[in-house]
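Dear colleague,

I am handing over the structure below, and I would be grateful if you could read my notes with the model open beside them.

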Amino acid sequence: MKYTILVNEGPYQHQASDSAIQFIRAALEKGHEIFRVFFYHDGVNNGTRLTVPPADDRLIQKAWSELAEKHGLDLVICIAAAQRRGIMDADEAKRQGMDANNIAPGFRISGLGQLVEGGIQSDRLVVFGD
Amino acid sequence: MAMLHIVNKSPFERVAFDSCLTHANAGDSIIMIEDAVVGAVDGSSFSGKVKAAMADKTVYVLGADLAARGLDGKAMDGIVSVDYAGFVDLTANNDTTQSWL
């Protein structure tokens, strides 16, 4: 079965990112396909590579990037939500005249149409958030 | 069309769980994850509503989240404990899912 996952909550806020990661791991293990993971609202904060949690805490951003690399996941960050929260890739940083970018490996920035397409193309849309 | 309702907030924090119970149809499934798992414990001011829902709906709890809160083995009789693989199966076996955020 084909899934799109929507993450609406930032990492370390409650548990939504952790739940989504565990759900995706279990789904992949069962042979399901993850068509796309879309990060919206504060969920875009999952995609900054500059997070440095304490040494004894879990690395949520790294878990996403590793999942993306291992399974070829399409991790898409909503551009409007990202701009509000200072999440930038190189192109966007240049366009906005910023001196740096912070997008994490495996993530890309795009529009809400990607969420709509995920909903249409997938058998299930499962939402995690606040 | 059977629906899986996913609840992730304590019924004592938000009304989402209560709203879910009033909207879910007979034959639907409800899974408690994250802080919603406290709704699985008997003897609270909310447990009667969950018991009533079990008359025509199946109620599940994510075992890992229950255990993480020290509530292992404290779920009411009739509530089915599942792992993440079981959670995935529920999303696949129901026609659609609704997260009560």
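This is a predicted model: local features need pLDDT of at least 70, side-chain atom pairs count only at pLDDT 80 or more; totals for chains, interfaces and linings use all residues.

Helix α1 (residues 16-29) of chain A packs with α4(B) at an angle of about 75°, and their axes are 8 Å apart. Here the axes are lines fitted to C-alpha atoms, for helices over the stretch in contact, and angles run from 0 to 180 degrees between N-to-C directions. The two helices, α1(A) and α4(B), are therefore roughly perpendicular to each other, given that angles under 35 degrees count as roughly parallel, over 145 as roughly antiparallel, 65 to 115 as roughly perpendicular and the rest as oblique. Helices (H or I, at least four residues) and strands (E, at least two) are DSSP runs, numbered from the N terminus.

On the α1(A) side the contact is made by Gln22(A), Phe23(A), Ala26(A), Ala27(A) and Glu29(A), and on the α4(B) side by Tyr84(B), Ala85(B), Phe87(B) and Val88(B); two residues are in contact if their C-beta atoms, placed from the backbone, lie within 7 Å. Sorted by class, this contact of α1(A) with α4(B) has 7 nonpolar, 1 polar and 1 charged residues. In this scheme Ala, Val, Leu, Ile, Met, Phe, Trp, Tyr, Cys and Pro count as nonpolar, Asp, Glu, Lys and Arg as charged, and the others, Gly among them, as polar.

Residues are numbered from 1 along each chain as its sequence is written, and chains are lettered from A and ligands numbered from 1 in the order in which they are written. Chain B averages a pLDDT of 97, and 100% of the residues score at least 70, where pLDDT is the predictor's confidence in each residue, from 0 to 100. For the complex, the predictor gives an ipTM of 0.97 and a pTM of 0.97.

**The contact as a whole**

How many residues does the contact take from chain B and from chain A? It takes 11 residues from chain B and 18 residues from chain A. On the side of chain B that touches chain A, α4 (84-93) and β5 (96-100) each supply at least two residues, and the largest share, 6 residues, comes from α4(B). The residues of this side of chain B divide into 7 nonpolar, 3 polar and 1 charged.

The buried residues of α4(B) are Tyr84(B), Phe87(B), Val88(B) and Thr91(B); a residue is buried if 20 or more other C-beta atoms lie within 10 Å of its own, exposed if 12 or fewer, and partly exposed in between, with C-beta atoms placed from the backbone. These residues cover an arc of only 100° around the axis, which puts them on the same side of α4(B), the arc being that of the directions from the helix axis to the C-beta atoms. An α-helix has 3.6 residues a turn, so residues three or four places apart point the same way.

In helix α1 (residues 16-23) of chain B, Phe17(B), Cys20(B) and Leu21(B) are buried. They cover an arc of only 95° around the axis, which puts them on the same side of α1(B), while Thr22(B) and His23(B) are exposed on the other side of α1(B). The buried residues of α1(B) pack against β1 (3-7), β2, α2 and β5 of chain B.

**Some single residues**

Ser81(B) is found in strand β4 (residues 80-82) of chain B and is partly exposed, with 17 other C-beta atoms within 10 Å. Leaving aside its neighbours within four places in sequence, Ser81(B) is in contact with Val61(B), Gly63(B), Leu66(B) and Ala75(B).

Which backbone angle stands out at Tyr12(A)? Phi of Tyr12(A) is near 70°, a positive value in a residue other than glycine, and Tyr12(A) lies in the loop between β1 (2-7) and α1 of chain A. Glu34(B), in the loop between β2 (29-32) and α2 (47-53) of chain B, has a positive phi of about 50° although it is not a glycine. Tyr12(A) counts as partly exposed, with 15 C-beta neighbours inside 10 Å, whereas Glu34(B) is buried, with 21 other C-beta atoms within 10 Å.
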